[in-house]
Amino acid sequence: MAHIIVVGNEKGGAGKSTVSMHLATALARMGHRVSGLDLDLRQRTFGRYVDNRNAFLKQAKLDLPSPSLCELPEIEADSLKPGENVYDHRLSAAVASMEPNNDFILIDCPGSHTRLSQVAHSLADTLVTPLNDSFVDFDLLAHTDAMGDKITGPSVYSEMVWTARQLRAQAGLAPIDWVVVRNRMGAQRMVNKDKMERAIKNLSKRIGFRVAPGFNERVIFRELFPRGLTLLDLKDIGVKQLNISNVAARQELRDLIKALNLPGVTADF
């Protein structure tokens with residue numbers, strides 16, 4: 001069976017689609033069969049990334065390893081039983097179509113709470129939650145006191161993940177490996193960064209997730225989007241020498257993949 005990676009966070013701007021595209025492309029470049037699914041049906045940032053990649057590679061006459069993109073199939077309303085949700089059926093049908101021919105299925109969730117996102121979380125073998133280095137974003141996982149030192153309780157997203165874990169347990173499935181990725185961090189050592197590090201470490205023990213390093217804030221990610229490229233593609237399009245920032249970003253991707261500990265994957269690139 002395909003290993004399902006869900007990239008989820010109900011707050012926008014955390015870098016979910018950038019993480020999704022780099023993970024999917026890295027896995028494809030390592031020889032794994034990868035399909036992606038974008039559940040943000042309106043904005044489709046991950047879907048647009050794949051579309052841009054396919055268009056650029058065709059125009060440039062390049063053949064680079066890439067994830068394939070699956071769309072949610074339409075379901076006839078009269079085929080549903082009373083009380084059944086059409087989005088549940090669309091998602092399950094999409095996953096069923098991808099599983100036989102893929103090693104990994106990557107599902108990019110919208111930055112909001114939707115039925116599709118909720119169901120997708122219950123399908124996750126690995127859940128990746130990118131988190132900006134800010135207590136504004138941390139509030140999605142847990143509430144803290146005024147000083148940011150004491151956790152007063154879980155927040156809405158953590159409770160949704162807890163529900164997804166219960167559903168998997170009831171179905172006899174393996175537990176979700178939940179990995180919170182500290183993303184878009186600045187390079188300087190700041191008081192806020194230290195406080196966030198302590199808060200995340202404390203919360204990880206309470207609600208059961210692992211912490212992994214993500215990407216620092218870099219302009220290169222925004223520049224690559226129109227062509228659907230990733231850091232791993234630069235030499236293939238003629239960039240002979242990577243600058244220091246690009247080399248560091250590649251290492252961040254390597255560290256992230258190692259931290260995820262995906263089955264049969266070594267960050268060898």
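Student: Leaving aside its neighbours within four places in sequence, which residues is Thr-126 in contact with?

Tutor: Contact means heavy atoms within 4.5 Å. Beyond those neighbours within four places in sequence, Thr-126 is in contact with His-3, Ile-4, Ile-5, Val-6, Asp-177 and Leu-262. This is a predicted model, where local features need pLDDT of at least 70 and side-chain atom pairs count only at pLDDT 80 or more, while totals for chains, interfaces and linings use all residues. Residues are numbered from 1 along each chain as its sequence is written, and side-chain values use heavy atoms, with hydrogens and water left out.

Student: Where is Thr-126 found, and does it count as buried or exposed?

Tutor: Thr-126 is in strand S5, residues 126-132; helices (H or I, at least four residues) and strands (E, at least two) are DSSP runs, numbered from the N terminus. Buried means under 20% relative accessible area, exposed over 50%, and partly exposed in between, with a 1.4 Å probe and protein chains only. Thr-126 has 2% relative accessibility, so Thr-126 counts as buried. Its side chain also makes a polar contact with the side chain of His-3, at 2.7 Å. A polar contact is a pair of N or O atoms within 3.5 Å; within protein, one must be able to donate a hydrogen and the other to accept it, and residues adjacent in sequence count only if both atoms are side-chain atoms.

Student: What does the side chain of Asn-9 reach?

Tutor: The side chain of Asn-9 reaches the backbone oxygen of Pro-130 at 2.6 Å. Asn-9 lies in the loop between S1 and helix H1 (16-29), and it is buried because its relative accessible area is 1%.

Student: At what angle do the axes of H4 and H6 cross?

Tutor: Two packed helices are described by the angle between their axes and the distance between the axes. Here H4 (residues 115-123) and H6 (residues 156-170) have axes that come within 8 Å and cross at roughly 50 degrees. H4 and H6 are therefore oblique to each other. Angles under 35 degrees count as roughly parallel, over 145 as roughly antiparallel, 65 to 115 as roughly perpendicular and the rest as oblique. In H4, Ser-117, Gln-118, His-121, Ser-122 and Leu-123 meet Tyr-157, Met-160, Val-161, Ala-164, Leu-167 and Arg-168 in H6.

Student: How far apart are the axes of H3 and H4?

Tutor: The axes of H3 and H4 are 9 Å apart, and the helices pack at an angle of about 45 degrees. That angle makes H3 oblique to H4. The contact is made by Tyr-87, Asp-88, Leu-91 and Val-95 of H3 with Arg-115, Leu-116, Val-119, Ala-120 and Leu-123 of H4.

Student: Which residues of H4 are buried?

Tutor: The buried residues of H4 are Leu-116, Ser-117, Val-119, Ala-120, His-121 and Ser-122. Their cover includes strand S1 (3-7), helix H3 (86-98), strand S4 (104-108), S5 and H6.

Student: What is the phi of Lys-61?

Tutor: Most residues other than glycine have a negative phi. Lys-61 has a positive phi, near 55 degrees. Lys-61 sits in the loop between helix H2 (45-60) and strand S3 (68-70), and it counts as exposed because its relative accessibility is 74%. Asn-261, not a glycine, has a positive phi of about 55 degrees. Asn-261 is in the segment after helix H9 (244-260) and is exposed, with a relative accessible area of 61%.

How values were computed. Axes are lines fitted to C-alpha atoms, for helices over the stretch in contact, and angles run from 0 to 180 degrees between N-to-C directions.
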